[in-house]
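Work through these exercises with the model open. Try each task before reading its solution.

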Amino acid sequence: MADKNLTRKRNLFSQVFAGILVNSVYEMQNYPIVLLNTVVSPLSILVVIVFVSHGSLFGVGIMGGFIMAMFSAGMALSADLSHLKNDFKLQDMIVSSPTGWLAYMLGLSFAEIVYAIPALIVLTVLASFGLSLTLVGVLEFVAVLLLIFITSISIGYTLATFSSDIVQSFAFTRLISTFFSTIPPVYYPITYIPLPFRYLAYLSPTTYAAELVQGIGGYLSLSLTTVIIDWAVLISVTVALFVLARNKARWREV
C-alpha cells in the first residue's frame, strides 16, 4: 500500500514536471524573447503610474505590478492550453492517459509561474526599495497573490477547454485581463475613483486583492470589517471559480 502511494506521488510529480517542461522551459529556451515580454507588461503600467503621480504611488504601483503579473500569468494558461489542445491535440492524448485533469492543470499552471519569474524578480528588487512590510505582512501579501493566481488559472483553464482556436483564447485573455487587472484600482487606491463609479470596481476580484495589499502596505486605512469582507470575497470567488473549473470545464468532450 505504501509502495503504491509512493508510486502515485512520483507519477504525479513526473506529470507536473512534464507540464512545466512542455509549457515553459522548452519555449523559453527556444524563444528567449518571451522572457522580456513577461517583464514588460506589469512594469510598463508601473512606469506610467510613477510618472503621472510624480513618484507618490511607487509602492502602490509595485504591489499592483505583482497582482497584474500573477493574474496575467494565470490568464496566459488559457492561450497555452488552447494552443496545446487545438494545434497539437495534447489534451486528447492526456485524456486517454492515466494523467488526470488536476495534474495536467497543475503542471501547466506551475509553468506559468516559471514564465512570471523574471517579472517577479524585478518587482521584488523594486519592492526592496519601495515597500516596508512586516513578516506577517509579507505572508498576507503572498497569500493574496496565490488566491489571485488560482482565480486566474481557474478562469483560464475553463475558457481554454471551451475555446476552439488560439485566436479566440487570446481575445478572451486580453479582454478579461483588461477588465480585471488594468481598469480596476490595482495600480492606484480605490479612493481615487469618484462615487458612484467606485462601486463598479468591486465587480472585479482584483479590487479586493488590491485593497488588501494596499492596506498591508499602509497605503490605505481599512477597518477590520472591510478587511474581513475583502478576505471573505476573495476566498469565496477563488473557491467558486476553482469548483466551476473542476465541474464545468470541458475535459473529455473534445
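**Exercise 1.** Find where UniProt places the feature "transmembrane region", then state how much helix residues 58–81 and 222–245 hold in this predicted model.

*Solution.* Start with the record. The unreviewed UniProt entry places the feature at residues 33–52, 58–81, 102–129, 135–159, 171–190 and 222–245. Next, take residues 58–81. The chain there is 100% helix and 0% strand. Its end C-alpha atoms lie 35 Å apart. Now take residues 222–245.

**Exercise 2.** Is Gln214 buried or exposed, and which residues does Gln214 touch?

*Solution.* Locate the residue: Gln214 sits in helix 9 (residues 205–216). Check its relative accessible area, which is 1%. Buried means under 20%, so Gln214 is buried. Then list contacts, leaving out residues up to four places away in sequence. Gln214 touches Val60, Met63, Pro185, Val186, Tyr188, Pro189, Ile190, Tyr219 and Leu220.

**Exercise 3.** Classify the aromatic pair formed by Tyr202 and Tyr208, then the accessibility of each residue.

*Solution.* A search of the whole structure finds four aromatic pairs. One of them joins Tyr188 and Tyr192. Those rings are 6.5 Å centre to centre, with 35° between the planes, and the pair is tilted. Now turn to Tyr202 and Tyr208. Their ring centres are 5.4 Å apart and their planes meet at 55°, so this pair is tilted. Finish with accessibility. Tyr202 has 25% relative accessibility, so Tyr202 is partly exposed. Tyr208 has 12%, so Tyr208 counts as buried.

Conventions. Residues are numbered from 1 along each chain as its sequence is written. This is a predicted model: local features need pLDDT of at least 70, side-chain atom pairs count only at pLDDT 80 or more; totals for chains, interfaces and linings use all residues. Side-chain values use heavy atoms; hydrogens and water are left out. Rings of Phe, Tyr and Trp (its six-membered ring) pair if their centres lie within 6.5 Å; planes under 30 degrees apart count as stacked, over 60 as edge-to-face and the rest as tilted. Buried means under 20% relative accessible area, exposed over 50%, partly exposed in between (1.4 Å probe, protein chains only). UniProt positions are given in the numbering used here, feature names are shortened, and annotations may be inferred rather than shown by experiment. Helices (H or I, at least four residues) and strands (E, at least two) are DSSP runs, numbered from the N terminus. Contact means heavy atoms within 4.5 Å.
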